[in-house]
Amino acid sequence: MAKKYSPVAEHLCVLAAEVQTRVEMLFGQLDRMVGGLPASARRNRTWWANNSQNQAQAWRSAGWHVASV
């Protein structure tokens, strides 16, 4: 996982520890968390795929997956 997305993983780990099963986040929240999302995150649904890309590794390593964007 790229260090840039570590804050996302950390945030999601806290939510998981609080036994949350669903979370909704705004683009702005994530943008601030990582110091800027790429433009493709807003344009392409595939950026949010639960695959092996760096950003996906962040939420997957915390035990989460993207259901909708």
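Trainee: Which residues does Asp 31 touch, not counting residues up to four places away in sequence?
Mentor: Asp 31 touches Gly 36, Leu 37 and Arg 42, with residues up to four places away in sequence not counted. Keep in mind that this is a predicted model.

Trainee: Okay, and which helix does Asp 31 lie in?
Mentor: Asp 31 lies in helix 2.

Trainee: How exposed is Asp 31?
Mentor: Its relative accessible area is 25%, so Asp 31 counts as partly exposed. The range for that label runs between 20% and 50%.

Trainee: What separation do the C-alpha atoms of Asp 31 and Gln 53 have?
Mentor: They are separated by 17 Å, and the two residues are 22 residues apart along the chain.

Trainee: Back to Leu 37. What is Leu 37 in contact with, leaving aside its neighbours within four places in sequence?
Mentor: Leu 37 is in contact with Phe 27, Leu 30, Asp 31 and Trp 47. Leu 37 also belongs to the largest nonpolar core, where it is one of the residues that touch the most other members.

Trainee: Nice. How many residues are in that largest nonpolar core, and which others touch the most members?
Mentor: The core has 17 residues. Alongside Leu 37, the ones touching the most other members are Val 8, Leu 12, Trp 47, Trp 48, Trp 59 and Trp 64. Helix 1, helix 2 and helix 4 each supply at least two residues of this core, and the largest share, 4 residues, comes from helix 1.

Trainee: Let's look at helix 1, then. Which of its residues are buried?
Mentor: Val 8, Ala 9, Leu 12 and Leu 15 are the buried ones. Seen down the axis of helix 1, they fall within an arc of 125°, so they line one face of the helix.

Trainee: Why would residues a few places apart point the same way?
Mentor: An α-helix has 3.6 residues a turn, so residues three or four places apart point the same way.

Trainee: What covers that buried side, and what is exposed on the other side of helix 1?
Mentor: The cover over the buried residues includes helix 2 (27-34) and helix 4 (54-61). On the other side of helix 1, Glu 10 and Ala 17 are exposed.

Trainee: Changing topic: how much space lies in the largest pocket?
Mentor: About 640 Å³. Of the 25 residues that line this pocket, Val 23, Met 25, Val 66, Ala 67 and Ser 68 are the closest to its centre. Helix 1, helix 2 and helix 4 are the elements that give two or more residues to the lining.

Methods
Residues numbered from 1 in each chain as written. Predicted model: local features only at pLDDT ≥ 70, side-chain atom pairs only at ≥ 80, totals over all residues. Heavy atoms only, no water. Buried < 20%, exposed > 50% of the residue type's maximum accessible area, 1.4 Å probe, protein only. Arc of directions from axis to C-beta. Contact = heavy atoms within 4.5 Å. Core = buried A, V, L, I, M, F, W, Y, C linked by side-chain atoms within 4.5 Å. 1 Å grid on protein atoms, 1.4 Å probe; cavity = no way out; pocket = protein on both sides within 12 Å on 5 of 7 lines; lining within 4 Å. Points joined across faces, edges and corners; volume = space filled by probe spheres on them.
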